[in-house]
Amino acid sequence: MKIKNIKYLFAVLAVVQFSCQPQEKNTSTIVDKGSAFDEPFRPQYHFTPSANWMNDPNGMVYYEGEYHLFYQHHPEGNTWGPMHWGHAISKDLVHWEHQPIAIFPDEHGTIFSGSAVADLKNTSGLGTADNPPLVAIFTYHNAEAEKEGKIDFQTQGIAYSVDKGRTWQKYEENPVLKNPGIKDFRDPKVDWIEDGNGGGQWIMSLAVKDKISFYSSPNLIDWTHQSDYNPSWAAYGGVWECPDLFKLKTPEGNDKWVLFVSINPGGPNGGSATQYFIGDFDGKNFKADDEQVKWLDYGADNYAGVTWSNVPKEDGRRLFIGWMSNWLYANQVPTEIWRSANTLPRSLEIFSDKGNYLLASRPVVEIEKIRTSSESLKGKGINISSELAEIELELDSDEFELVLSNDNGEKVTMTKKGNEIFVDRSLSGLTGFSQEFANLHTIPDLGLDLKKLRIFIDRSSLELFFNNGELVITEIVFPESPYTKLTTSGFNETVNIHTLSSAW
């Protein structure tokens, strides 16, 4: 670790030097990748902020060959603080270019989570027919009003861009949706819903305390409340956040609607998690097919994720990315220059199991472009030659054990007994920053016939995809040296390992 510590020192100095310089409004804490992007624990093929704090992904939109990713960002510290929208752009979902901060706080408040759309028909009038705008829809959070004891301190505003998302202008008559007198009134996710007759409307899914409120608009400016969704049987361990509503095809080729709701606390392994509902939406009301609580990811570290809008129909995918952390310890994890990463981008698909519709999260195929070498090894104990790896295994038993470890005694153990899977990261590396981090995680096997497992290892994360994403477990870890050994039982002895390169 000595060489990395030297790099870490240079990275710290780079941020200190940057922070001491006068900042123009249209700049952000972008530091030199050669130093800061190689410090300890910095993921190498997952998105991280160049420097300082990040949480929820926001405003994901595809436009003219580019994937835009915005995110909750505190540019002046590595813990949660006054929120801005950070920004990055990719052409392939793997390699990202950091951009200046896109949206800054103003007299209405700081900039909380939201979404962005390509207003291709210029319904808002904020662009032209030849140059339609990108429109961001976000929550204003007025901290001063909150301190004064008011409850209507969250409203919805919009901003627009006519230069492919490089610069953003706020709408002069913000907010476009005022608060009706509810403390939690936030995280608008907007998409264009066609009516089948050549027309359509904008639909906003909004998190309102312990329910999702649906609003409609012809122009992204004037909004009408349509309905609320909060079934009695859903998970209510904490406040509802970060909704998303979108349509997918079933294996039979029929349309179904999926509704995401992130909650904190109340996840299946404590703290933050995202539940989902599959059902029908008629333009006003959502109705789930069944009364079963379903989780998008059973690990501890996939929260507040939403999907990209405007992905071309010829692509055909619904693309997702989540925040790879948990509010139980997000502010305390042992990183300094940057804090938090995103999950791998994933393609969402409905699959059927015993007549029940469930949602699969499959790693996007673009990840394969960073494979640098592949080998097939045989044995119950094998060596892993790279700290950046993708591992493919096949199960040959209903029960199994898998251990990732290094020579320092650090290890992560995953065991399946009966109908449950247990993930133990109590010895995974640094854990003392939180009393919650070392807790044993329990995951149901969902009654699935588990056959295959795909594992992605980055410097501080493990993502496990059973049956190509039918069951997903995402966990962050902080080993002081890379995991170099894989020991298994209950798996086929042949293991395929792909060495991955840094995406930075």
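Pro-43, Met-324, Ser-325, Val-333, Trp-338, Ser-340, Ala-341, Ser-460, Ser-461, Ile-476 and Phe-478 line the second largest cavity. A cavity here is a set of points, on a 1 Å grid over the protein atoms alone, where a 1.4 Å probe fits but cannot get out, and lining residues have an atom within 4 Å of a point. This is a predicted model, so local features need pLDDT of at least 70 and side-chain atom pairs count only at pLDDT 80 or more, while totals for chains, interfaces and linings use all residues. Residues are numbered from 1 along each chain as its sequence is written, and side-chain values use heavy atoms, with hydrogens and water left out.

Back to that cavity. Its volume is about 90 Å³, taking a volume as the space filled by probe spheres set on the points, with grid points joined across faces, edges and corners. The lining splits into seven nonpolar residues, four polar and no charged; Ala, Val, Leu, Ile, Met, Phe, Trp, Tyr, Cys and Pro count as nonpolar, Asp, Glu, Lys and Arg as charged, and the others, Gly among them, as polar. In total, the structure holds seven cavities of 30 Å³ or more.

Phe-478 from that lining also turns up among the contacts of Ser-428, along with Glu-410, Lys-411, Val-412, Phe-437, Val-477, Pro-479 and Tyr-483, leaving aside neighbours within four places in sequence. Contact means heavy atoms within 4.5 Å. Ser-428 sits in the loop between strand E28 (420-424) and strand E29 (441-444); strands (E, at least two residues) and helices (H or I, at least four) are DSSP runs, numbered from the N terminus. Buried means under 20% relative accessible area, exposed over 50%, and partly exposed in between (1.4 Å probe, protein chains only).

Now for the open space. The largest pocket holds about 960 Å³, a pocket being an open set of grid points with protein on both sides within 12 Å along at least five of seven lines. Of its 27 lining residues, Trp-192, Glu-194, Val-311, Lys-313 and Arg-318 are the closest to the centre. E5, strand E9 (185-194), strand E13 (239-249) and E14 each give two or more residues to the lining, and E13 has the largest share, with five. By type, the lining residues divide into 13 nonpolar, four polar and ten charged.

E5 also belongs to an open sheet of four strands, in the order E5-E6-E7-E8, with antiparallel pairing. Two strands pair if DSSP finds at least two bridges between them. E5 (110-118) and E8 (169-170) stand at the edges with a single partner strand each, so one side of each is left without a neighbour in the sheet. Walking across, E5 pairs with E6 (residues 134-141) over seven bridges, and Val-117 stands opposite Val-135 in E6. E6 and E7 then pair over eight bridges, with Phe-138 facing its bridge partner Gly-157 in E7. Two bridges join E7 to E8, where Tyr-160 stands opposite Gln-169.

E7 is mostly covered, with seven of its eight residues buried. Thr-155 lies in this strand (residues 154-161) and is buried, at 13% relative accessible area. Not counting residues up to four places away in sequence, Thr-155 touches Phe-138, Thr-139, Tyr-140, Pro-175, Leu-177, Lys-178 and Asn-179.

What about the nonpolar interior? A nonpolar core is a set of buried Ala, Val, Leu, Ile, Met, Phe, Trp, Tyr and Cys residues joined through side-chain atoms within 4.5 Å. The largest has 66 residues, of which Phe-286, Met-414 and Leu-453 touch the most other members. Strand E14 (residues 255-264) gives the most to this core, six residues. A second, separate core of 27 residues includes Ala-88, Leu-93, Val-94 and Ile-367.

E11 (residues 211-217) and E12 (residues 224-229) pair in the antiparallel sense over five bridges, and Tyr-215 stands opposite His-225 in E12. Six residues lie between the two strands, and Leu-220 in the turn has a positive phi of about 75°.
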